[in-house]
Amino acid sequence: MDQRKWWVRGIVLGSALLLAPVGAWADKLTELEQAFETQQKSLQQLQQEMHRLRQDRTAQQTEIDRRVMEVEQKAAEAAASSLLTGYEPGKGFFLKSADGQFNLSLRGYAQNWMHVEGARNEEAFPSVVDGQNVTAAGLKRHDQSTFRLRRTRIIVSGQVFTDFGFFIESEISGGAIGTRLEEGWGSYTYAPWAKVTVGQYKPRFGLEMLTSARDLDFAERAVIARSLSPDQELGATVEGTLKLANMLPVYYGVGIYNGCGRVDQCAIDNDGKKEFTGRVAVSPLMPFGTLTIGLNADHRTFRMVRDTGATDANSVTRPGPVGSGFETFNPVGPTGVRLAGNGVGGTQNGFRINGDRVTGGGDLVFDFYPFVIKGEYAYASQERDKLGAGGTNLDHLIMQGGYGSIGYWLFGTKRNGLLTNLRYEHVRVDDNKGAFTPAAANERPMELRSGTLGLTWYVNPSVRLRGNYILTDLRPGRNAVGMSNSTHGELAHQGIAELQVQF
């Protein structure tokens, strides 16, 4: 029944379609074509709009990238031109560029001493001995216990364009110490193995002399270091550190200098003869601790020319009187006492010298916490030209000596700790024949043996408290009369208490 109904419907519909007019089919086809064209145009418009949007997005992204790059570049330029400031305890204030090419630092320190001497007891002085008024010399030699301003320094240093550096250190104590330029130099570093320094500074010689006064283990340097190691000079140095076999660091430093003292002591070379100095130091690999061994050499001239002569910063060697034709060598103790006499009352007044001096020596540092061992030895041969009878040359004066010290950290380090140490010194001045030939009637060979016991408390990186007890045996004994408690040349006992504050 249902199938019959579907057949009837199909016949009726087919008949209707066959009987419809042809124009109706044409109109329907036209409508479909127009609809299709309209859709095609819409699709093209959509594609064009999408293409335009893609172009706009690309242009916008390019602009965004450009602006981001500009902002990053400006930020980098601003960072490079910005300055970093700060303070590091014990090292002072600093001002540096963010790129590390420039920096400026300001620091300084003051060392205040309490110098303790024994009673004078001049009534026990030996009066006149061998025609020399030893009592008068002893009275002049004796110092009272006193407070002293040992050093007051301001230091400005910096770096320019990474490779260039400068350093200016001034002493501002005034008075007997004076206000002066202590160090002032500029440098250029080509590589770790090649650095050139020009100006006023310490030639590369010795251990203690190259150690800053801020970092000494005792209140004062050893007698032999102050006597034979050259102090501040005007000149030029080439130095650097090499690595042998890529594992053994070797330092070298060679220099040429005027050889006549600081700029305030001799503005220009007095005799035209230069001082030549060299140092080599190695640090071999050790199973424990660190070891550094140094070798030193120096050649300089002490000769009066046009009544002017060379000197040194410690005034151990000084020009003689105008017209004398000689200079004077007279070692100085830690408290400033001249150990080869002071010349008062016809007593000895150092050793007369004239001519070239050749000095050599070595030093070492062995640091294995809590112990620190240090030592230094120097030997010098000094000409005494035209100082003998009738203007003859005397045998060379031989100046030699050294020291050894051992320290023990009771706790801590130099940032905050307590160090106890002991130093023994020996210095001898004689000629090279054994039978001393004096250049002046009262000259005698000199021999010093001294011991120093020290205790140093590093409160923090900026503050240090120190106490030194010094025991001195000096020969000939008459040169010790008046030194602290010594009345007949016996052992002299002295003390130094020090407060150092640095920023």
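On a 1 Å grid over the protein atoms alone, a pocket is an open set of points where a 1.4 Å probe fits, with protein on both sides within 12 Å along at least five of seven lines, and its lining residues have an atom within 4 Å of a point. The model is predicted, so local features need pLDDT of at least 70 and side-chain atom pairs count only at pLDDT 80 or more, while totals for chains, interfaces and linings use all residues. Residues are numbered from 1 along each chain as its sequence is written, and side-chain values use heavy atoms, with hydrogens and water left out.

The second largest pocket has 16 lining residues, and those nearest its centre are Gly-90, Asp-215, Lys-414, Pro-461 and Gln-502. Its space is about 280 Å³, a volume being the space filled by probe spheres set on the points, which are joined across faces, edges and corners. Strand 21 (446-460), strand 22 (463-475) and strand 23 (492-502) each give two or more residues to this lining. Strands here are DSSP runs (E, at least two residues), numbered from the N terminus.

| Strand pair | Bridges | Direction |
|---|---|---|
| strand 21 and strand 22 | 13 bridges | antiparallel |
| strand 22 and strand 23 | 10 bridges | antiparallel |

A hairpin of two residues connects strand 21 to strand 22. Asn-468 of strand 22 has Gly-454 opposite, and Tyr-469 has Gly-495 in strand 23 as its bridge partner.

In a regular strand the side chains alternate between the two faces of the sheet.

Elsewhere, Ser-105 lies in strand 3 (residues 103-117). Ser-105 is buried, with a relative accessible area of 15%. Beyond its neighbours within four places in sequence, Ser-105 is in contact (heavy atoms within 4.5 Å) with Phe-93, Phe-94, Ile-155, Val-156 and Ser-157.

Gly-184 belongs to strand 8 (residues 178-191). Between Gly-184 and Glu-169 there are 6.3 Å in space, C-alpha to C-alpha, although the two are 15 residues apart in sequence. Not counting residues up to four places away in sequence, Gly-184 touches Phe-167, Ile-168, Gly-199 and Gln-200.

How values were computed
Helices (H or I, at least four residues) and strands (E, at least two) are DSSP runs, numbered from the N terminus. Buried means under 20% relative accessible area, exposed over 50%, partly exposed in between (1.4 Å probe, protein chains only). Two strands pair if DSSP finds at least two bridges between them.
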